[in-house]
Amino acid sequence: MYTAEFDYHKVSSVADALAALAANPDAKLLAGGHSLIPTMKLRLAAPSALIDVSQIEGLKGIRLEGETIVIGAMTTHREIEHSSLLKEKCRILPEQAALIGDPMVRNKGTIGGALAHADPAADYPASMLALGASMKIESSSGARVVSADNFFLGMFQTAVQEGEMLTEIHIPANTLGSAYEKFAHPASRYAIVGVAVVKHAGGNTRAAVTGAGASAMRLTKLEAGASSGLVDAADLLSDHVASAEYRAHLVDVMARKALARV
Amino acid sequence: MADKVPISISVNGTKHSSLVEPRTLLVQYLREHLNLTGTHVGCDTSQCGACTVHLDGMAVKSCTMFAVQANGSSVTTIEGVGETGNLHPLQTGFWEMHGLQCGFCTPGMIMSAADLLKHNPKPTESEIRHGLEGNFCRCTGYHNIVRAVQHASGQLVAQAADD
Amino acid sequence: MTQKFVGQAMKRVEDPRFITGAGNYTDDIAVLGMVHAAMVRSPYAHAKIKSIDSSAALALAGVLAVLTGKDLVGAGINPIPTGWLLPDLKISAHHAIQPEEVNHVGNIVAVVIAESRAIAEDAVALVDVDYDVLDSLSLGSDALAEGAVQVHPEAPGNMAFDWNIGDSAAVDAEFAKADKIIRLELKNQRLVANAIEPRASLAEYKRAGEEYTLYTTSQNPHIHRVMIGAFIMGIPEHKLRIVSPDVGGGFGSKIFQYPEEVIVLFAAKKVGRPVKWTARRSESFVSDAQGRDHESVAEAAVSSDGKLLALRVDTIANMGAYLTTFAPAVPTYLYGTLLNGTYKWNAIHCHVRGAYTNTVGVDAYRGAGRPEATYLIERIVSMAALELGMDAAEIRRKNFIQPDEFPYQTPVALAYDSGNYEPALDMALEKLGYAALRVKQAEMRKQGKYIGIGVCTYLEACGLAPSALVGSLGAQAGQWESALVRVAATGMVEVLTGSHSHGQGHETAFAQVVADELQIPVEHVSLVHGDTARLPHGWGSYGSRSAPVGLSAITLACRKITDKAKKIAAHLLEASSEDMEHVDGKFQVKGVPERNKSFFDVSLMAHLAHNYPADLEPGLEATHFYDPKNFVYPFGTHLAVVEIDSDTGSTKLIRYVCVDDCGPIINPLIAEGQIHGGVAQGVGQALLENTLYDKSGQLISGSYLEYTMPRADDMVQLEIGHTVTPSPHNPLGVKGIGEAGTIASTAAVANAVIDALEPFGVKHLDMPFTAEKVWRVMQPKLAQAADD
């Protein structure tokens, strides 16, 4: 039940977090902790220090800046689930947040933590790709903004480099419609397949899938108008719960359902 | 060894100042430091919900946060919800509707259900079932847990328990 | 007897402590000077232990000891015995800590004792064990295959036992003349019990008096006292106290003698400090005895008009790496004897081979053998209905044993003493609206929507059991139960029972019976269980035996109290005890009710003995040891309705109707609660749960991220009914209800799924009915339909 020992640093600003990261290269950032802490309890991870960024006020909340919705990285799933701004402008996110874990997980878990962890079966990556979101990543040398298309690099791999942290998520506020359809793992309730479809202001549709492969990916065939055979099973994960072939089928089914609701 | 860290937490209205190792989970702090053994541990991967408590009024899994993270917060455990003679409506509901058997999941179930009712005072059966998806019970098949929550939310007035 | 409390849906008296967080579970107990144990477990399914280097662990501040199997063997600690012996049973020594070889992932190779749990867990990572990894086996049929790796040298070909029941020649004769043979190959997958409270043990050793106390999560503390005291550690029973306080669910998994209990007792003496161990869930998955795991071939001979003639069953039971406490009984006497079900078969034969594999031991899990038997019979009967074009309910009705045919001797040893199966079937069909639902089902199919209705008309044998009978079958334990009813001077009653409650509500239901027997207020009765220092010897709770056996002992002890009380009252009233009657809580002279003494008057005088019969002992308490004359035979009909999403293969339970007959019901709230929970576990097996080992013996489903537990949104509100057919041989006529729900529901749900898949030509599919599995069998037809 016990993790290995670690030093605990609670920080109240991004600057402090980055300074602490620089001082403890082996440290992990602690947000909601729902992926990290169980891993540490099983001693599959043993960082020497945890930098608790969950209470950085500047990283909380959802606000509209012009045509962009800015979501602080430490905004919880629950806050996203119940955000009236998002319900009005970007309903896919509240819809998705309501499907993450369970109520207690949603009370603690954060969007930034989930995205930076990049679990291949996490929900948000699909919507980030479909929304054409971008991620603000900060380090001691400044900030950079990375598009979702360039953010997810593989299983548990993102564009966030050592010494950097994800601070904001930027979402276009002028999308015309969106929907997310998830086929959940029966035990973990992570996505076996989760398809996000977003209709953008220019009339184009963007879509992406999470869970099916090693990391979330765009459904370019769907975007081009196809309604089946959207992914090649050869590119997908396969395990005792769902074979690649079945996942490929589910992508078609979930995409059809999502499209019907966009 | 990592240095112990001073923390100050209000639990069920009582302020506690303690020195804890950073790796002490909130649930271990409650059980082992404060002897509040009503909060239970049923798994080590954050699924079962037996450890659910309220942190600043919000249901959380106390096995998936460290006590140091609760520094400055106020925590409510099952011991702070109500007592014999002055039970919380959910405690009454679980008792009246036989919403528990072995009792091990019950504290977490009640804390979780309290969070549900706070945000949705009259949940439908389906909302109750989804609202409790973070809590496992192996004894009741959830039948009477659903009824307990319905009872607590005033939706089972004068109905016999077995109909 | 006037029944004032029995039959009432009384709220439970144990609940106030549980709903306020005041329960007292083993891990809640802390004692002065307590230290902590953490187990070093094998990461390999099968390996020789070459060496163990504990030096780094011992060097860690706060570590008190690292103990290995050699330490235990050297101190004369014996292996953990198997508690049920079959003829020619091949037993391999199961040491609390294995000294030389590990045989499953999770097998204990050492223990660390440290000042805190955190330090103990740190030190586990520092114990350096050098293994010589061997090939391993996970599947029962692989283990019995020619040339398989040998798990234990004591069991050639990995065969733990080879067991038969029934008359194979008679079966062959029936098959020869049958119109049709129905053949079914099935797997009954392995399950993990998953009581939400993980196992825990806390041991104390007092040098003064050389006395041990063990607090442990057990369904039957006395069994541990016998096993540890007499067989494993050689501690005189009066020097070993086992306390099983509040226990957070058992479902069988807390019956057995586990290594950790021995280890903490041994370590407590060794380090001179109380030692506690509490399992983390990931340990539970690799150390709690698991359930089921059968591979079977079944054949039924039937006539073309649906008469069931004979049944032939060949089963491989995967026993895991060691034969745990009751393991050999589960796939044999609790399985083969149950294969008759509720039907009139002319002949049955069952052959079971127990296979050793490199997996966690398999023992009793809720129902223990009976769910496996019921699943097999109820599947093959439904399959027969399908192949003969008969209705699933009607083929059952046609073959039921009739009410006037009891006692009924089955071809597989059991003699059913009572039963009346048709009313339960009719009530269930009526509750469901079966006929109308069949019409609706047909209409839905035309629209491409697939619901299925599953029928299961089960019977089970529980209330274990006549001691002489189980002894003759190999049990190394008696199966009677004890009760001590003790009346205080004030008339307050303490009932000490060998039955153990770990969620079943004995403190309430048993008090209801006692209050009625003694005609006193129910709140004057309190129940004591789970402490060998306070109770007469008892055998604990499993096999749905608490009401039929434990409560029978209590009832008969109460009747001894009443008889004595009558004598005391008669003396006080200067009447003859034959003229006394017990009415409305008073002992009164027949025909002269105003001449009476209250229970209080009698209790007080029993203790004062001032004005007392010369030939009577003072005091008012009675002990009764009750040995049942037979099993009890609950039965009923369960009907499940599922809906399958043809897009994904997802199966959802949408309705569940059950009508159970457990005899007279003591507390409907509690009895129905048992059914609810039992059904959920069976639904879990059918739709969700699976214990998967990979080829190298690693447990894939070793956490709640992979092992699918039924959640609230997987279940529906159950629609429940009862019929009442009392058991003829126990004083209350009661029959157990703890396991019936699980025994019936797995088959009911499975039959519903197969019924839903009938348009797809599916005759059988193995559980659990996970989405991809169901989707795959639907694919050919769906693809064809899409092409048309």
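**View 1. The contact between chain B and chain C.** The contact takes 48 residues from chain B and 48 residues from chain C, where two residues are in contact if their C-beta atoms, placed from the backbone, lie within 7 Å. On the side of chain B that touches chain C, the elements giving two or more residues are H2, helix H3 (106-119), helix H4 (125-131) and H5 of chain B. Helices (H or I, at least four residues) and strands (E, at least two) are DSSP runs, numbered from the N terminus. By class, this side of chain B has 20 nonpolar, 18 polar and ten charged residues; Ala, Val, Leu, Ile, Met, Phe, Trp, Tyr, Cys and Pro count as nonpolar, Asp, Glu, Lys and Arg as charged, and the others, Gly among them, as polar. This is a predicted model, in which local features need pLDDT of at least 70 and side-chain atom pairs count only at pLDDT 80 or more, while totals for chains, interfaces and linings use all residues. Residues are numbered from 1 along each chain as its sequence is written, and chains are lettered from A and ligands numbered from 1 in the order in which they are written.

**View 2. The contact between chain B and chain A.** Here 25 residues come from chain B and 21 residues from chain A. Strand E4 (58-61) and H3 of chain B are the elements that give two or more residues to the side of chain B that touches chain A. The largest share of that side, four residues, comes from E4(B). Its classes are eleven nonpolar, nine polar and five charged residues.

**View 3. Helices H2 and H5 of chain B.** Helix H2 (residues 89-96) and helix H5 (residues 143-152) of chain B pack at an angle of about 135 degrees, with their axes 8 Å apart. Axes are lines fitted to C-alpha atoms, for helices over the stretch in contact, and angles run from 0 to 180 degrees between N-to-C directions. The angle therefore makes H2(B) oblique to H5(B) (under 35 degrees counts as roughly parallel, over 145 as roughly antiparallel, 65 to 115 as roughly perpendicular and the rest as oblique). Among the residues making the contact are B:Pro89 and B:Phe94 of H2(B) and B:Val149 and B:His151 of H5(B).

**View 4. Helices H7 and H8 of chain C.** Helix H7 (residues 221-232) and helix H8 (residues 259-271) of chain C pack at an angle of about 60 degrees, with their axes 11 Å apart. H7(C) is therefore oblique to H8(C). C:His224, C:Ile228 and C:Ile232 in H7(C) meet C:Glu261, C:Val262 and C:Leu265 in H8(C).
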